Amino acid sequence: MKKLFLISLFLLAPITVLAAPSSSAAQQPKMDIKLFGGASGTTFVSMLETGRERDTFTGWQIGFGPRIRRRAWFAEVLFSFNRWSFAFTDPEVGSFAGRVNSFELPINAGYIPYKNSYFKLFIYAGYVNHFNTKIIAEVAGGPTLKLRPKEVDFAIYQAIARFGANFDLAMFNVDFNYSISLNSATKTSFRTGYHQIQLNLAYLF
């Protein structure tokens with residue numbers, strides 16, 4: 001956890017630099033507040049002795065946060081609530097489906113290769129603090145279960161790397177990003193990789 005804290009601290013450094021006052025009025029940092037929502041596709045890759053097994057699920061997310069721009073650079077810290085749905089068939093349990101609730105705190109920083117009064121293009125990389133909070137499972141013909149992540153060998157905390165691009169069009173922002181886990185998504189004896197793509201639409205204040 002100490003190493004993850006140091007990584008988060010390192011990624012927060014660009015925000016401190018961008019927010020520092022400048023002697024030139026033209027170089028003063030500009031801040032936008034993003035209010036966004038979107039859809040996602042999450043793939044879990046279980047590395048079993050018999051080979052790799054992939055399962056892909058759909059989900060959605062909503063969130064908000066500040067973005068600071070200074071000259072050709074920017075940084076942002078966002079907060080989001082995430083939910084994705086799953087469905088499995090187990091020979092012993094039978095068919096069951098449900099959803100996973102989580103929240104994220106991404107810290108992104110990047111470059112603005114092009115901008116004008118109506119259009120701005122952003123390219124970035126980031127570190128995502130991802131916390132799984134609740135699993136709600138419904139077994140076919142059975143009860144609905146509300147479980148904690150540790151009760152189903154799910155990781156509570158995931159460290160995730162994110163890469164993306166987005167653009168502003170007037171007061172709107174469209175974002176596309178790809179995420180990959182730096183640690184296993186489960187507490188099982190085998191590693192489970194986490195891959196996700198997101199498409200978000202935001203309104204800028």
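Reader: Which strand does Phe-172 lie in?
Author: A word on the source first: this is a predicted model. The protein chain has one helix and 10 strands. Phe-172 lies in strand 9.

Reader: Is Phe-172 buried, partly exposed or exposed?
Author: Buried needs under 20% relative accessible area, and exposed needs over 50%. Phe-172 has 39% relative accessibility, so the residue counts as partly exposed.

Reader: What is the geometry of the aromatic pair of Phe-172 and Tyr-203?
Author: A ring pair is described by the distance of the centres and the angle of the planes. By the ring rule, the count comes to 19 aromatic pairs. For Phe-172 and Tyr-203, the centres are 5.6 Å apart and the planes make 75°. Over 60 degrees counts as edge-to-face, and this pair is edge-to-face.

Reader: How many residues apart in sequence are the parts that this pair ties together?
Author: Phe-172 lies in strand 9, residues 172-181. Tyr-203 lies in strand 10, residues 192-204. The pair therefore ties together parts that are apart in sequence by 31 residues.

Reader: Which strand gives the largest share of the nonpolar patch on the surface?
Author: The patch includes Met-31, Ile-33, Leu-35, Phe-172 and Tyr-203, and its residues together have about 1,000 Å² of accessible area. Two elements give two or more residues to the patch: strand 10 and strand 1 (30-48). The largest share is three residues, and it comes from strand 1.

Reader: What share of the accessible surface of the protein chain belongs to carbon and sulfur atoms?
Author: The accessible surface of the protein chain comes to about 11,400 Å². Carbon and sulfur atoms account for 66%.

Reader: Which residues do ring pairs link into a cluster?
Author: The largest nonpolar core includes Phe-44, Trp-84 and Tyr-194. These three also belong to the cluster. Ring pairs link Phe-44, Phe-57, Trp-84, Phe-86, Phe-154 and Tyr-194.

Reader: Which residues does Ile-160 touch, not counting residues up to four places away in sequence?
Author: Ile-160 is one of the residues of the largest nonpolar core. Its contacts are Glu-104, Gly-126, Tyr-127, Val-128, His-130, Ser-179, Ile-180, Ser-181, Leu-182 and Tyr-194.

Reader: Is Thr-186 buried or exposed?
Author: Thr-186 lies in the loop between strand 9 and strand 10. Leaving aside neighbours within four places in sequence, Thr-186 is in contact with Asp-153, Phe-154, Ala-155 and Thr-192. Its relative accessible area is 15%. The cut-off is under 20%, so Thr-186 is buried.

Reader: How far apart in space are Thr-186 and Lys-150, C-alpha to C-alpha?
Author: In sequence, Thr-186 and Lys-150 are 36 residues apart. In space, the C-alpha to C-alpha distance is 8.9 Å.

Reader: Among contacts between residues at least 6 apart in sequence, what share joins residues at least 24 apart?
Author: Of the 205 residues of the protein chain, 40% count as buried. For those contacts in the protein chain, the share that joins residues at least 24 apart is 62%.

Definitions and conventions
Residues numbered from 1 in each chain as written. Predicted model: local features only at pLDDT ≥ 70, side-chain atom pairs only at ≥ 80, totals over all residues. Heavy atoms only, no water. Core = buried A, V, L, I, M, F, W, Y, C linked by side-chain atoms within 4.5 Å. Buried < 20%, exposed > 50% of the residue type's maximum accessible area, 1.4 Å probe, protein only. Contact = heavy atoms within 4.5 Å. Phe/Tyr/Trp six-rings, centres within 6.5 Å; stacked < 30°, edge-to-face > 60°. Helix = DSSP H or I, 4+ residues; strand = E, 2+ residues; numbered from the N terminus. Patch = residues over 30% accessible without salt bridge, like charges linked within 9 Å, V, L, I, M, F, W, Y side chains within 5 Å. Areas by Shrake-Rupley, 256 points an atom, 1.4 Å probe, with all protein chains shown as cover. Salt bridge = Lys/Arg side-chain N within 4 Å of Asp/Glu carboxyl O.
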